[in-house]
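This report describes how parts of one protein chain pack against each other. Please look at the sequence and the structure below before reading on.

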Amino acid sequence: MYSFPIDYVEPVFRPPSEAKSLILPVTNGCSWNKCTFCEMYTQPQKKFRARKPDDVLRDIEKAAQSLGSVRRVFLADGDAMVLPTRRLLEILGQLREAFPDLQRVSSYCLPRNLAKKTVEELAQLKEAGLQILYVGMESGDDEILRRVNKGESWESTRSALLKIREAGLTSSVMVLNGLGGESLSRQHAINTATLCNETQPDYLSTLVVSFPQGEERFREGFGHDFVQLSQQGLFEEIRLFLEHLELDRTIFRSDHASNYLVLKGTLGRDKQKMLDQVNLAISNPGAAPLRAEWMRGL
Ligand code: SF4
């Protein structure tokens, strides 16, 4: 009987665009694991640890034997980039050796992971095969980042994204629509836009904040004055965000299952087109192609 060559510690997460990639865990969980909106690695088996080099190598060798050609690899879990550069270079070398057709390697990346890594080190990783880093910006507003215990700031995120850019790596940034609730929606939209403008990410996507396991943990940190945005409030926040974006060539997507309104395009070129779509959703929701509540995969 066929069995997949890697024994995962569930649950395992990856960005939607890595659906065709081999998911290779090089760490377990997330080294920070304190963001109050994130439930990805809260189960006991997902407690953070770096995996043993021998275990990672064994998985690579088993995958090479049973899968043959592999073109894309996603390094899991939540922040593989926490590993020292030397260790990452070793993994990338082993991947290249095992998979001669390898085209790209990617990973989630916390801005804090790059605080001690230099642009030269990132360029070495690129040279060794790393290509895309997925960065959860969530918000560019320092008050919100503090209230959700992100452990980052406008400046720490800016610095990390500029290093990624300077090293020639591709950045894919995620922003959380609704993270500031009603009271901080305006500053969330504007300050997130200014951070995106400063850093000009290659890809930018928005997800809607959601609490499948309840809001209690989030409210404790944020404050009990948190009022979740209505569908209209979410659209108005996106409109303000888009209005303040000044991007040269960023691929924008709000097609994650959590979004009511799917937007796709290249910014700045398609800015007005997307604003027209959002305006329609605000002024005449019946005429806009909205995702029904039951279809939103939360
Ligand atoms: S850094 Fe990312 S993975 Fe870690 S707790 Fe925060 S949102 Fe979750």
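## Helix H6 against helix H8

The axes of helix H6 (residues 185–199) and helix H8 come within 8 Å and cross at roughly 30°. Axes are lines fitted to C-alpha atoms, for helices over the stretch in contact, and angles run from 0 to 180 degrees between N-to-C directions. H6 and H8 are therefore roughly parallel to each other; angles under 35 degrees count as roughly parallel, over 145 as roughly antiparallel, 65 to 115 as roughly perpendicular and the rest as oblique. Helices (H or I, at least four residues) and strands (E, at least two) are DSSP runs, numbered from the N terminus.

The crossing of H6 and H8 is right-handed. A crossing is right-handed if the near helix is turned clockwise from the far one by less than a right angle, and left-handed if anticlockwise. On the H6 side the contact (heavy atoms within 4.5 Å) includes Ser185, His188 and Cys196, while H8 contributes Glu237, Leu240, Phe241 and His244. By class, this contact of H6 with H8 has 6 nonpolar, 5 polar and 2 charged residues. Here Ala, Val, Leu, Ile, Met, Phe, Trp, Tyr, Cys and Pro count as nonpolar, Asp, Glu, Lys and Arg as charged, and the others, Gly among them, as polar.

## Basis of the model

This is a predicted model, in which local features need pLDDT of at least 70 and side-chain atom pairs count only at pLDDT 80 or more, whereas totals for chains, interfaces and linings use all residues. Residues are numbered from 1 along each chain as its sequence is written, and side-chain values use heavy atoms, with hydrogens and water left out.

## Helix H8 against helix H9

The axes of H8 (residues 231–244) and H9 (residues 271–283) come within 10 Å and cross at roughly 160°. That makes H8 roughly antiparallel to H9. H8 passes H9 in a left-handed crossing.

Among the residues in contact are Phe235, Ile238 and Leu242 of H8 and Met274, Leu275 and Val278 of H9. By class, the contact of H8 with H9 has 8 nonpolar, 2 polar and 4 charged residues.

## Aromatic pairs

The structure holds 9 aromatic pairs. Rings of Phe, Tyr and Trp (its six-membered ring) pair if their centres lie within 6.5 Å; planes under 30 degrees apart count as stacked, over 60 as edge-to-face and the rest as tilted. One of the pairs joins tyrosine 108 and tyrosine 134, edge-to-face, at 6.3 Å centre to centre and 75° between the planes. Tyrosine 108 lies in strand S5 (residues 104–108) and tyrosine 134 in strand S6 (residues 130–138), 26 residues apart. Tyrosine 108 counts as buried at 11% relative accessibility; buried means under 20% relative accessible area, exposed over 50%, partly exposed in between (1.4 Å probe, protein chains only). Tyrosine 134, at 4%, is also buried.

The rings of phenylalanine 218 and phenylalanine 222 have their centres 5.3 Å apart and their planes at 20°, so this pair is stacked. Both residues lie in helix H7 (residues 216–222), 4 residues apart, about one turn of the helix.

## Proline 15

Proline 15 is found in the segment before strand S1 (22–25) and is buried, with a relative accessible area of 4%. Although 93 residues separate proline 15 from tyrosine 108 in sequence, their C-alpha atoms are 8.4 Å apart. Leaving aside neighbours within four places in sequence, proline 15 is in contact with Phe74, Tyr108 and Tyr134.
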